[in-house]
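Here's a quick briefing to read alongside the model.

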Amino acid sequence: MTEQRPRPFLYVVVCAAGIAAGVGRLIAAAQEAGWEVGVIATPVAASGFFDVPAVEAQTGRPIRSAARTPGDPRPFPPPDAVLVAPATFNTINKWAAGTADTLALGTLCEACGLGVPVAVLPCVGEALAAHPAYRASLVRLGGMGVRFGDPYSGEVQEGGGRPEFGWEAGLALLDRG
């Protein structure tokens, strides 16, 4: 009998942006690509930006948004990679500054310290993307090896529609080795 190797584990960190409601697409794509997935949400994201029961059913695991108490078992194994999608202005800037005041931010800070591959799909409006602190944060995180997908502003296009958010693009960033 041969022992089956466990699938790699992906942490998906979800921030509070309107498009977070589509995170199930990312989870499905990751699972199809062979990842086991656990979701960590910022507290605001977990409070109504996506369907928590549906995502828990899809991953088979609880959504994490708060620290566990000492002695509680870890609900997720250590990550093989982390994907932040959608990543907001606030999360990117606090992470770059080393602020770990939520489970999501602490996880991101720790992942960088451990050398875990991290990919980010920013969801930041054009005015905030022009802010000097944001630009400096991208440079700082990039210098730490964080990989960034194309920015998504969600701005309404000609004809009234919004562009699609490239959920699967984050997985491609992780495949770059």
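Predicted model: local features only at pLDDT ≥ 70, side-chain atom pairs only at ≥ 80, totals over all residues.

Numbering runs from 1 along each chain as its sequence is written, and side-chain values use heavy atoms, with hydrogens and water left out.

**The largest pocket**
- Its lining takes in 18 residues, with Tyr11, Arg64, Arg74, Thr107 and Glu110 nearest the centre.
- The volume of the largest pocket comes to about 350 Å³, meaning the space filled by probe spheres set on the grid points.
- Helix H5 (residues 103-114) gives the most to this lining, with 6 residues; helices (H or I, at least four residues) and strands (E, at least two) are DSSP runs numbered from the N terminus.
- By class, the lining has 12 nonpolar, 2 polar and 4 charged residues; Ala, Val, Leu, Ile, Met, Phe, Trp, Tyr, Cys and Pro count as nonpolar, Asp, Glu, Lys and Arg as charged, and the others, Gly among them, as polar.

**H4 against H7**
- Helix H4 (residues 89-96) packs on helix H7 (residues 132-143) at an angle of about 55°, with their axes 9 Å apart; axes are lines fitted to C-alpha atoms over the stretch in contact, and angles run from 0 to 180 degrees between N-to-C directions.
- H4 and H7 are therefore oblique to each other (under 35 degrees is roughly parallel, over 145 roughly antiparallel, 65 to 115 roughly perpendicular, the rest oblique).
- Phe89, Ile92, Asn93, Trp95 and Ala96 in H4 touch H7 residues including Tyr134 and Arg140, where contact means heavy atoms within 4.5 Å.
- That H4 contact with H7 splits into 8 nonpolar, 2 polar and 1 charged.

**H1 and its partners**
- Helix H1 (residues 23-32) and helix H3 (residues 52-59) pack at about 0°, axes 10 Å apart.
- That makes H1 roughly parallel to H3.
- The contact of H1 with H3 has 4 nonpolar, 4 polar and no charged residues.
- H1 and helix H8 (residues 167-174) cross at roughly 40°, and their axes come within 8 Å.
- H1 and H8 are therefore oblique to each other.

**A cis peptide bond**
- Most peptide bonds are trans.
- The one from Ala85 to Pro86 is cis, with omega near -10°.
- Pro86 sits in strand E3 (residues 81-87).

Technical notes:
1 Å grid on protein atoms, 1.4 Å probe; cavity = no way out; pocket = protein on both sides within 12 Å on 5 of 7 lines; lining within 4 Å.
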